[in-house]
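Here is a short briefing for a reader new to this structure. Take a look at the model before reading on.

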Amino acid sequence: MPADPAPHGAHAARPDGTPGTTPLAGATRAEPRREAQAALRDVPWEVGVAKPDPAIVVDHVTRTFGGLTAVSVDHLEIQRGGITGLIGPNGAGKTTLFNLLTGFDQPNTGTWSFNGRELGKLSPHQVARLGVVRTFQLTKALSRLTVLQNMLLGAQGQSGESFLRALVPGTWRAQEKANTERAMDLLRRFKLDAKKDDFAGSLSGGQRKLLEMARALMSEPQVVMLDEPMAGVNPALTQSLLGHVKDLREEGMTVIFVEHDMDVVRDISDWVVVMAAGKVIAEGAPDSISQNKAVVDAYLGAHHDAPLTEDEEDRFLAEDQAAARAQREDVISSDQGRRTRRAGR
Ligand SMILES: Nc1ncnc2c1ncn2[C@@H]1O[C@H](COP(=O)(O)OP(=O)(O)OP(=O)(O)O)[C@@H](O)[C@H]1O
C-alpha cells in the first residue's frame with residue numbers, strides 16, 4: 001500500500017519539487033522518540049507486520065550470489081520517523097539489503113518503495129536525490145582527501161552536479177558556495193570543523209564515524225541508513241555518536257542502522273528487525289528481541305549455553321554412553337584382529 005507522500009516532520013520542498021528535510025533547522029516535533037514509540041506500541045511483534053506510517057516498504061526482494069541466497073525478504077515495512085535497528089549474525093544479509101535499498105546493488109527479484117515511489121532500478125544518486133542515503137566506511141581513496149573534500153563529495157546528486165548546470169558558472173558557483181556552507185555547518189555540529197583541511201585518513205576511528213554520518217547528511221536525506229555506526233569507536237565517543245543518531249530522529253528523519261552491540265541497539269532503537277541467512281526471522285520492540293527463541297538460536301546455534309532440559313540431559317548421556325560402548329567394541333575387535341593375525345603367522 002503506498003504510504004502518505006506528505007510525511008510529517010521538518011520537511012521542506014526541494015528545488016526539484018520533491019520533499020526534503022531541513023536537518024539543521026532543529027526539531028519541530030514534540031518529543032519524536034515518544035511519538036515514534038507510541039506509533040509502534042500496538043504493532044504486533046510479527047515478521048512482515050504492517051506499520052502505521054511506513055516510509056519504506058520492501059516486497060519479495062531476493063539477491064543471490066552464485067548458489068548463495070544473501071537476501072530473501074518477503075515483506076518488510078520501516079516506520080517513518082523512528083530508529084530501526086537491523087541486527088543479525090555475520091553473513092545474515094544486512095549490508096546486502098542496505099546496498100539494494102540504496103541502489104548500490106540490484107536484486108534478482110522484488111520491489112521496494114519510499115513514500116510509495118518505487119526505487120528499484122534507480123542509481124544511488126537518484127535514490128539519494130529522493131532522500132534515501134547510506135553511510136559508507138571511509139575507503140582508502142577517501143582517506144587521501146581532506147575532511148572538507150569528503151563532505152563536498154557527499155553533496156553529489158544535488159543540482160550543482162548536473163552537467164547542464166555545470167555549464168552555467170554562476171549557478172555552479174552559487175551551488176558550490178551553498179554546499180561549502182552546509183558542509184561547514186555540519187562539521188561544526190559534529191565537532192570536526194577544526195579538522196576540515198586534515199586528511200580524512202588521519203582521523204581517529206570515532207571521528208571517521210562522525211565524518212561518515214556528516215557526509216551522508218550533505219544531501220539532506222529523509223531516510224538515513226547507518227552501517228555499524230559504532231564499530232571501532234572508543235567508549236568516550238560512543239555516547240556522542242549515539243546522541244547524534246538520536247538527533248536525526250529529533251529532526252524528523254527515519255533512521256535504519258546495522259549494529260552488533262546489543263546495548264546500543266536497546267538504547268536507541270524504537271523497533272528491531274532481525275535477519276539470519278538472508279531472511280527476516282523476527283521483528284519487534286527492542287525488549288522483545290532478546291527473549292525470542294529464533295533470535296537466540298540464530299545467534300548462538302541450537303546448542304547454546306542455556307541449561308539443558310532433563311530430556312536433553314538424558315538424550316546426551318545416552319548418546320555419550322553409546323559412543324563410549326562403540327569405541328570399546330572397536331578397540332576389542334581390532335585387538336582380537338591383531339591377535340588372530342599374529343596367531344596366523
Ligand atoms: N559481492 C558478493 N559476492 C559474493 N557473495 C557475497 C557478496 N556480497 C555478500 N556476499 C555474501 O552474502 C552473504 C550476506 O552478506 P552481507 O555482507 O550482506 O551480510 P551481513 O549481515 O552484512 O554480515 P556482517 O555482519 O558480517 O557484515 C554472505 O554470505 C556474504 O559472503
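The points below cover a sheet, its helix, the ligand shell, the core and one further helix. The model is predicted. An open sheet of four strands runs in the order S4-S3-S6-S7. The residues around the ligand include Gly91, Lys94 and Thr95. The largest nonpolar core holds 69 residues.

**The sheet**

**Strand S3 and its partners**
- S3 covers residues 54–65 and is joined to S4 by 10 bridges.
- S3 and S4 run antiparallel.
- Pro54 has Gln79 in S4 as its bridge partner.
- Val61 stands opposite Val73 in S4.
- S3 and S4 form a hairpin, with two residues between them.
- In that turn, Gly66 has a positive phi of about 60°.
- S3 is also joined to S6, by five bridges, and these two strands run antiparallel.
- Val58 has Trp112 in S6 as its bridge partner.

**Around the ligand**
- The residues around the ligand are Phe65, Leu68, Ala70, Gly88, Asn90, Gly91, Ala92, Gly93, Lys94, Thr95 and Thr96.
- S4 and H2 are the elements that give two or more residues to this shell.
- H2 gives the most, with three residues.

- In soluble globular proteins, nonpolar side chains tend to be buried together.
- Within the largest nonpolar core, Ile56, Val132, Ala214, Val224, Val255 and Val274 touch the most other members.
- Helix H8 (residues 205–217) gives the most to this core, with six residues.
- Leaving aside its neighbours within four places in sequence, Val274 is in contact with Ile87, Gly88, Val280, Ile281, Ala282, Glu283, Ile289 and Val295.
- One of these contacts of Val274, Gly88, is also among the residues around the ligand.

**Helix H5**
- Which residues of H5 (residues 147–154) are buried? They are Val147, Asn150, Met151 and Gly154.
- An α-helix has 3.6 residues a turn, so residues three or four places apart point the same way.

Note on methods: Residues are numbered from 1 along each chain as its sequence is written. This is a predicted model: local features need pLDDT of at least 70, side-chain atom pairs count only at pLDDT 80 or more; totals for chains, interfaces and linings use all residues. A nonpolar core is a set of buried Ala, Val, Leu, Ile, Met, Phe, Trp, Tyr and Cys residues joined through C-beta atoms within 7 Å. A residue is buried if 20 or more other C-beta atoms lie within 10 Å of its own, exposed if 12 or fewer, and partly exposed in between; C-beta atoms are placed from the backbone. Two residues are in contact if their C-beta atoms, placed from the backbone, lie within 7 Å. Two strands pair if DSSP finds at least two bridges between them. A residue is near a molecule or strand if its C-beta atom, placed from the backbone, lies within 6 Å of it.
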